[in-house]
Amino acid sequence: MRVSTAPARQSDARMFSVVVQGYGAGSQRRSERQIKVAFSGLQALIRSIALNGGRILEVIPAEADIETPAAAAAVAPPSPAPTPVTPPASHASVPVNIYKPKEPYLGTVLGNYSLLSEGAIGRVNHITFDLSEGNLHYIEGQSIGIIPDGEDANGKPHKLRLYSIASTRHGDNLEDKTVSLCVRQLQYEKDGETINGVCSTFLCDVEPGAKVKITGPVGKEMLLPPDEDANVIMLATGTGIAPMRAYLSRMFEPGERAKNPDYAFRGKAWLFMGVPKTPNLLYEDDFQRYLNEYPDNFRYTKAISREQENSKGGRMYIQDRVLEHADEIFALIEDPKTHVYMCGLKGMEPGIDEAMTAAAAAKGLDWSTLRPQLKKADRWHVETY
Ligand SMILES: Cc1cc2nc3c(=O)[nH]c(=O)nc-3n(C[C@H](O)[C@H](O)[C@H](O)COP(=O)(O)OP(=O)(O)OC[C@H]3O[C@@H](n4cnc5c(N)ncnc54)[C@H](O)[C@@H]3O)c2cc1C
C-alpha cells in the first residue's frame, strides 16, 4: 500500500482519494477504483476496506472537494457479509467422516509419551496412531473421534469423544500415514472421590501396539488459509495448542516445508500460549527452534498464570497478554490477510472477549460489531470445549 506523505491541510474538509482493489459489490469488486472521502471518514473507510477483504493501493490528498455518492456510500461500513480475501482451504475439498462410529478405523498406537516436565500439574500426553491400513486422511485444523474401549454405566459402548489433531496431514514422521493427538487427562473431585475422565484416561494409558477405534476426520472451523502471506494469530490454552502445533509445523518444520512446495509460509505467526506453570508448556523445544530459525515470521508470547503477574498484580492469563499487545493485535486484524484462531477450554472465551472489547475500545472500535464481521469473513476461528 502506498500512502502519500504530502502535507495535509489541518481541516476536516480535506478530501482524499483512496485507490482500492477488491472492494464493493459485483463488478466494482473486480476492478481497481478510486473512492473520494472526507478526512473525517477516512479511518472508517480504511477499516471497512480491510474488514471486507479489499486492498488499498494508494491514499492521496484529493484536490476536488466534492464528495461523490459512491464515496459517501463507501464510508458507511456496508452491512452485507464481507467476502474473505484469504479463505481457508476450499471447504468442499476437506475430507470429513471417512470413518463413522458404526465402522470406525482401528488405528494401532505407535507412541504415547508425556509432554510435561518435572513439576507440572496434571497429565498431558502426545499419542500417535498408525493410519497405513485404511483411507483415513485429514488436514491441519481438523479433529478425530476416539471411541474408548469398554462400556458405560448402562452396559452400552462408550460414545466417541473428539480430539483436535496435533500433527500435519503428513504426520509426525512425514510419511502421510499417522495422526497425533495432544490429550489431557480429565480429573476432578466429586464427593471426596477423584473421578477420571473415561476417554482421556483411556488415551493417556493406552500402550503402543493397542488398536483404538477412530472416527472422522471432522471440522472445518479451524482450517488454515492457503495464503503463504497470511498473518496467523493463535490463542491457545493447554491442549488448545494441538491445532496450533499442526499449523506451526506446517509453517516452519524443515521437512514439512520440503513436502509442501506450494506453501512456503512468509506471513507472521503469533502464538499466545496459556499454561499454569512452566513445566506445563507443550512442544516448547519445537517452538524455540522456530523462533531461532524464523525470527521475522514467528512470535511467541506466554502467559504462565501461577508464575507471572499481570499489571494488576493478579495471575497472568492469556487475556492479560492480549490486552498488553492490543495495539499490535488490532493493527494486524485491520489487515485482511490476518486470521485469528482460539482453542482450548471453553472458560477462556469470556476472558478473551473482554480483552478484545477493551482493546478494540482503546482504538475507537466496537468489538461486538467487529467480531461478527471477522467471523463472516472467515477470519475469526474458535474451537473451545
Ligand atoms: C472439537 C473438540 C476438540 C477437542 N480437542 C481436545 C484435545 O485436543 N485434547 C483434549 O485433551 N481434549 C480435547 N477435547 C475434549 C475431549 O473431547 C473430551 O471432552 C475430554 O477428553 C474429556 O473426555 P473424558 O471421556 O475423559 O471425560 P468424561 O468421562 O466424558 O467426563 C466428562 C464429564 O465429566 C463431568 N465433569 C468434568 N469436569 C468436572 C468437574 N470439574 N466437576 C464435576 N463434573 C465434571 C462433566 O459432566 C463432563 O461432561 C476436545 C473436544 C472437542 C469438542
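Let's start with a strand pair: S13 (residues 231–237) and S14 (residues 269–275) run parallel and are joined by six bridges. Within this pairing, Val232 stands opposite Ala269 of S14. Please keep in mind that this is a predicted model.

The pair belongs to an open sheet of five strands with parallel pairing, in the order S15-S14-S13-S16-S17. At its edges are strand S15 (298–304) and strand S17 (380–384), each of which pairs on one side only. On average, neighbouring strands of this sheet are turned by 10° against each other, with direction ignored.

The largest nonpolar core contains 76 residues, and Met234 and Leu271 have the most contacts inside it. Helix H5 (residues 241–252) supplies the largest share of this core, eight residues. Domain 2 (91–218) and domain 3 (231–384) each give at least three residues to the core.

Which residues come nearest to the ligand? Of the 20 residues around the ligand, these are Tyr188, Gly197, Cys199, Ser200 and Tyr385. Strand S8 (161–164), strand S9 (178–184), strand S10 (187–190) and helix H4 (198–205) are the elements that give two or more residues to this shell. Sorted by class, the shell has ten nonpolar, six polar and four charged residues. At least three of the shell residues come from each of domain 2 (91–218) and domain 3 (231–384).

Ser164 is part of strand S8. Is Ser164 buried or exposed? Ser164 counts as buried because 25 C-beta neighbours lie inside 10 Å, and the cut-off for burial is 20 or more. Its C-alpha atom is separated by 8.9 Å from that of Gly145, 19 residues apart along the chain.

A few backbone details are worth a look. The peptide bond from Gly216 to Pro217 is cis, with omega near 0°, and Pro217 lies in strand S12 (residues 211–218).

| Residue | Phi | Location | Other C-beta atoms within 10 Å |
|---|---|---|---|
| Asp191 | about 50° | loop between S10 and strand S11 (193–196) | 5 |

Terms used:
Residues numbered from 1 in each chain as written. Predicted model: local features only at pLDDT ≥ 70, side-chain atom pairs only at ≥ 80, totals over all residues. Pairing = 2+ DSSP bridges. Helix = DSSP H or I, 4+ residues; strand = E, 2+ residues; numbered from the N terminus. Axes fitted to C-alpha atoms, helices over the stretch in contact; angles between N-to-C directions. Near = placed C-beta within 6 Å. Nonpolar A, V, L, I, M, F, W, Y, C, P; charged D, E, K, R; others polar. Domains from an automatic or database assignment. Core = buried A, V, L, I, M, F, W, Y, C linked by C-beta atoms within 7 Å. Buried ≥ 20, exposed ≤ 12 C-beta atoms within 10 Å, placed from the backbone.
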